[in-house]
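Reader: I would like to go through the labels on this model one by one. Please set each value against its cut-off.

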Amino acid sequence: DANAAPVNPFTINLGLAFLTLGVNRCTPAECAELLPGLLAFLGSNYDDVAPGDNTDAAATISSSVGVGHLLDPSRKMRYDQTWHLIFRCLESIAQYSPLEKKSGSKNVSSSKASGKEG
């Protein structure tokens with residue numbers, strides 16, 4: 001929202017830290033629910049322009065192509081932490097496959113049975 005008040009960077013960093021700690025406790029379904037918001041937040045990191053530079057076309061262009069977040073250490077940390085969260089969520093989702101778990105449990109039980117026979 002263009003009329004929304006800017007969020008304090010400390011609040012953002014604290015929120016990302018708590019998400020980083022909590023993402024390990026999330027189920028794959030909860031991780032899937034987090035992804036759209038994380039991707040939107042990542043996109044907002046590209047769109048943000050430094051305060052006072054709202055009319056500077058060069059700042060807008062450099063931010064749009066993904067350079068602006070690299071120039072500010074705080075934004076770079078948020079950017080890196082957001083990617084970390086996205087990858088953790090994707091990893092959680094990718095590791096969960098009901099079909100693999102069902103077939104994997106059959107293979108384990110059949111290998112145990114064959115081990116007892118031999």
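Author: Start with the disulfide: a pair of cysteine sulfur atoms within 2.5 Å. A search of the whole structure finds 0 disulfides. This is a predicted model, where local features need pLDDT of at least 70 and side-chain atom pairs count only at pLDDT 80 or more, while totals for chains, interfaces and linings use all residues. Residues are numbered from 1 along each chain as its sequence is written, and side-chain values use heavy atoms, with hydrogens and water left out.

Reader: How do you know that Cys31 is in no disulfide?

Author: The nearest cysteine sulfur, that of Cys89, is 4.0 Å away.

Reader: Is Cys31 called buried or exposed, and what is its relative accessible area?

Author: Buried means under 20% relative accessible area, exposed over 50%, partly exposed in between (1.4 Å probe, protein chains only). Cys31 has 0%, so it is buried. Cys89 also has a relative accessible area of 0% and is buried.

Reader: What makes a set of residues a nonpolar core?

Author: The members must be buried Ala, Val, Leu, Ile, Met, Phe, Trp, Tyr or Cys, joined through side-chain atoms within 4.5 Å. The largest such core here has 10 residues, including Cys31, Leu42, Tyr79, Ile86 and Cys89. Helix H2 (28-47) and helix H5 (73-95) each supply at least two residues of this core. Helices are DSSP runs (H or I, at least four residues), strands are E runs of at least two, and both are numbered from the N terminus.

Reader: Which residues does Leu42 touch?

Author: Leu42 touches Tyr79, Thr82, Trp83 and Ile86, not counting residues up to four places away in sequence. Contact means heavy atoms within 4.5 Å.

Reader: Why is the pair Lys76 and Asp80 called a salt bridge?

Author: The term requires a side-chain nitrogen of Lys or Arg within 4 Å of a carboxyl oxygen of Asp or Glu. The closest N and O atoms of Lys76 and Asp80 are 2.9 Å apart, so the pair qualifies. The two are 4 residues apart in helix H5, so about one helical turn separates them.

Reader: What about Arg88 and Glu91?

Author: Their closest N and O atoms are 3.8 Å apart, so this pair is a salt bridge too. Both lie in helix H5, 3 residues apart. The structure holds 2 salt bridges.
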